[in-house]
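Visitor: Hi! Could you walk me through the charged pairs here?
Guide: Happy to, let's take a look together.
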Amino acid sequence: MTGPRLARALAAPAPGWTTAADAIVVGTGIAGLTAALELRSRVPRVLLVTKGALSSGSTVWAQGGIAAALHPDDTPDAHLTDTLAAGGGLSDPEAVRVLVTEGPDRVRELVARGTSFDVGPDGGIALTREGGHRADRIAHAGGDATGAEISRALVAQIEAVRDDPGIEVLENALVLDVLTGAPGPDGHRSVAGVTLHVRGAGSRDGVGAALAPVVVLATGGIGQVFRSSTNPPGATGDGIAAALRAGAAVGDLEFVQFHPTVLWQGMGAKGQLPLISEAVRGEGALLLDVDGARFMPAEHELAELAPRDVVAHAIVRRMAATNADHVLLDARHLGAGFLRRRFPTITARLLAQGIDWTEEPVPVAPAQHYHSGGVVTDPRGRTSVPGLYAVGEVACTGVHGANRLASNSLLEGLVFAHRAARDVVRQVEDGGPRRAPEPEERPGGAALVAAAARSRVQRATSDGAGPVRSAESLERAAQALAGVRTDAHRATDVVADPQVAEWETTTVHQVASALVHAARVREESRGGHFRTDFPAPDPAWRRRVTLALDEDGTLREVERAREVVPNLPR
């Protein structure tokens, strides 16, 4: 199946300023902040780039918690077993073992860096359970504000060293493209830095170039590729698209996690929607259909605590059976005092919508929440482009496979950001490249999609590649995306100039095109990918769909083999 043709650069003005660093970290969620803190003082100069304010990373929105085998009765092996079960047979056991064995120490380091987790009667970290976990191993903070607390602590660590000459924080900076040098003897282009657009930063205003031999992408998710999502507005898939344009391999793009219990606000709702954390079901809340009947016990042995894909698909089927556009989450039996104490953030958000969940069930429906795929990496965060790393949600480490286990996302960002940073430090200590290669323009052309086309792109992706898909829906989506004009910068009849809204919309279009193609390639149902024309898992598809752009920009499937990530020096 021939994939779409995508431009290998964004249409943008030539850089008006230049800076240099030894390593550039893009993103300020848990992964980006961890990488920057680990690199600071260990490499001479680090540039930390964030799309908004320093504290605006997606981590702040994480409600549920962070999973780790911290309880004396729990073990990394048990955590590994639950993670592999949720991954639908596609998780990489090596990557999962790294996650579960290093995770507890990384969480303890978060505490050392100032994170205040909720504690139990014995003074130790309080641990709860979420869907797919067979043990209490979810650490949380502020009841349902875990991400906000982790982000606060890590941002405070960065602020404490912000005047250090070894680190620079560049806020309100949108990374446009990953720069690369000329192809080497092996055909690979090494990283040379990034181009970026800075809004209102004195001399560093407008488009510039930051040169470095190492770039760590920690740009988060793809929520704005869909019409409705729990992701913040800045989650436009920037890192995946930039890495793809630079020649990196991407994998598992078709596996999109739709959170089962997102507050239903009517058919016209769009943008970032409030989610009702899985931790609520972990505490005993029940799912009911619009007739008041509980339905999850007949769907899975873990009932409401089944993996998210199971719960989301069960909800979709129940909505169809009852001719409804939502189901109900009933937590009333947990008690008003408990709900207000354990989930203060959710309680406040629901009250703002006129819902008192201590007195009435909450209307919920699935919406896009997390992306299990991304830029393919090895266990050290290295991609197929030498010098380019990816950590956090933007990366495809192999941990999640076809479906992420609840609360493994913060842990993955934490563990693999630490590993990536240590790998960079090791290379610097071993006398690795300290200067970026001269950037060279790549073949394949440049693109710009008008901001006005974003709703069209989102509609095509949501209708064609939502929780339930088919060959017909995906074909319609592919055709709709192919019909979007990507040369708006050359057109006289399209209102579009190279600027933030257009660059983000171009990225959204490229990620949507690649995601839909991956979903068309995988002719089975597994994890977060469900096709009505292939409703069962197929052993022949127990492999990763890995995609990359040819020199001319054609998206093609490449073999899932170790050489997808080059055998770089260890």
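Guide: A term to start with: buried means under 20% relative accessible area, exposed over 50%, and partly exposed in between, using a 1.4 Å probe and protein chains only. This is a predicted model, where local features need pLDDT of at least 70 and side-chain atom pairs count only at pLDDT 80 or more, while totals for chains, interfaces and linings use all residues. Residues are numbered from 1 along each chain as its sequence is written, and side-chain values use heavy atoms, with hydrogens and water left out.

Visitor: Which residue does Asp 105 pair with?
Guide: Its partner is Arg 108, with the closest N and O atoms 3.0 Å apart. Both sit in helix α3, 3 residues apart, about one turn of the helix. Helices here are DSSP runs (H or I, at least four residues), as are strands (E, at least two), numbered from the N terminus.

Visitor: New topic: what does Arg 113 meet in a salt bridge?
Guide: Glu 38, at 2.9 Å from N to O. Arg 113 is in the loop between α3 and β5, and Glu 38 is in helix α1, 75 residues apart.

Visitor: And is Glu 38 buried or exposed?
Guide: Glu 38 is buried, with a relative accessible area of 4%. Arg 113 is buried as well, at 19%.

Notes. Salt bridge = Lys/Arg side-chain N within 4 Å of Asp/Glu carboxyl O.
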